[in-house]
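The notes follow the order of the look-ups.

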Amino acid sequence: YLRDFRTEQCALFTQHKCTQHRPYTCFHWHFANQRRRRPLRRRDGTFSYSPDEYCTEYDETAGACPNGDGCPLLHRTSGDTERKYHLRYYKTNMCVHASDSRGLCTKNGPHCAFAHSTADLRPPVYDIRNLQLLTSLKNCYTVVESDLEEGRSLGNSSHGSVESFLSKAANWVDTNFVLGGYKTEPCRRAPRLCRQGYACPYFHNERDRRRGPRQHKYRRSTPCPQVKHGDEWGEPSLCESKDACVYCHTRTEQQFHPEIYKSTKCNDMQQMGLCPRGPFCAFAHVE
């Protein structure tokens, strides 16, 4: 299913004979912006394209990228199918919608990317780089906690850079620090040079940006009706109220809203005992 869903064009549609066009429930793609690339996990443990970081050059209307199918970043296809049906996310979380008498999703039908029973759940597949990042973060936190417990100081000049790194890491371990600062400032790296995705605490474009809850009083965790239509998040610039809007403008703003943040258990921690998002996960890692 993951190998073939929406990766080939519908032959019947080209002949104007597909009966699953309206509503669009066809297994194959009809227009280029519905086309999805097959996600592959290479022998070295890396994915053929990121499950989290979107390509800024992908044309969402034409369904084309100047880097072709070899682009290492996620393409924002119609329905966000490259992300939802990626090895990393497909069927790794329960669907919020009910099942009908046939066991199909009442909203998304037979092609729902979420699980409708415990038997339908599948363990996530991780990129080796995410696992390595998680290991390095764990090691870093262990050192920080050890230093705090023993009361040792890293203030001498030979450990200056280490102290700076550990100090920053210690700040990001604090959930209050994450809630206040995650994705609220622009990344200082040049465009397309930062490959950390959600692991980078700074935003890379307006869809990645989050208004700081202390500076901007959007008190509702509800999506802005001018920005989100159905399951799709549009450009925050579509909202006439801009930063003064009382609703959420991005998925990140909603997940990291004080009313929602850490209110639901992390599925990765429950199933795998680890989470590649580390301190930047919006879900709870403890009971």
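The entries below go through one topic at a time.

**Entry 1: model and annotation.** I noted at the start that this is a predicted model. I then checked the UniProt record, an unreviewed entry, which lists a "zinc finger region: C3H1-type" at residues 49-78, 89-119, 181-207 and 260-287. I looked at two of these spans for secondary structure. Residues 49-78 are 0% helix and 0% strand, and their end C-alpha atoms lie 17 Å apart. For residues 89-119 I again found 0% helix and 0% strand, with 16 Å between the end C-alpha atoms.

**Entry 2: C55.** I placed C55 in the loop between α1 (11-14) and α2. C55 has 9% relative accessibility, so I filed C55 as buried. I also took the C-alpha separation of C55 and R76: 7.6 Å, for a pair 21 residues apart along the chain.

**Entry 3: nonpolar core.** Which residues make up the largest nonpolar core? I listed 8 residues: W172, V178, L179, Y182, F256, Y261, F280 and A282. In soluble globular proteins, nonpolar side chains tend to be buried together.

**Entry 4: salt bridges.** I counted 15 salt bridges and wrote down several of them.

D120 pairs with K91, and their closest N and O atoms are 3.1 Å apart. What does this pair tie together? Both D120 and K91 lie in the loop between α2 (81-84) and α3 (128-150), so the bridge ties together parts that are 29 residues apart in sequence. D120 is partly exposed, because its relative accessibility is 27%. K91 is buried, because its relative accessible area is 10%.

K183 pairs with D208, with the closest N and O atoms 3.1 Å apart. I placed both K183 and D208 in the loop between α5 (175-181) and β1 (228-229), and the pair links distant parts of the chain, 25 residues apart. K183 counts as buried at 2% relative accessibility, and D208 counts as buried at 16%.

E253 and R211 form a salt bridge with an N to O distance of 2.8 Å. E253 sits in helix α6 (residues 251-255) and R211 in the loop between α5 and β1, a link over 42 residues. I noted both E253 and R211 as buried. I then found a network, in which salt bridges that share partners join R3, D4, E8 and R38.

**Entry 5: cysteines.** How many disulfides does a search of the whole structure find? The search returned 0 disulfides, so I checked sulfur distances against the cut-off, which is 2.5 Å. For C26, the closest cysteine sulfur is in C10, at 3.8 Å, which is too far for a bond. For C266, the closest cysteine sulfur is in C281, at 3.9 Å, again too far for a bond. I looked up burial for C26 and C266 as well. C26 counts as buried, with 3% relative accessibility. C266 is buried, with a relative accessible area of 1%.

Definitions and conventions: Residues are numbered from 1 along each chain as its sequence is written. This is a predicted model: local features need pLDDT of at least 70, side-chain atom pairs count only at pLDDT 80 or more; totals for chains, interfaces and linings use all residues. Side-chain values use heavy atoms; hydrogens and water are left out. A nonpolar core is a set of buried Ala, Val, Leu, Ile, Met, Phe, Trp, Tyr and Cys residues joined through side-chain atoms within 4.5 Å. Buried means under 20% relative accessible area, exposed over 50%, partly exposed in between (1.4 Å probe, protein chains only). UniProt positions are given in the numbering used here, feature names are shortened, and annotations may be inferred rather than shown by experiment. Helices (H or I, at least four residues) and strands (E, at least two) are DSSP runs, numbered from the N terminus. A salt bridge is a side-chain nitrogen of Lys or Arg within 4 Å of a carboxyl oxygen of Asp or Glu.
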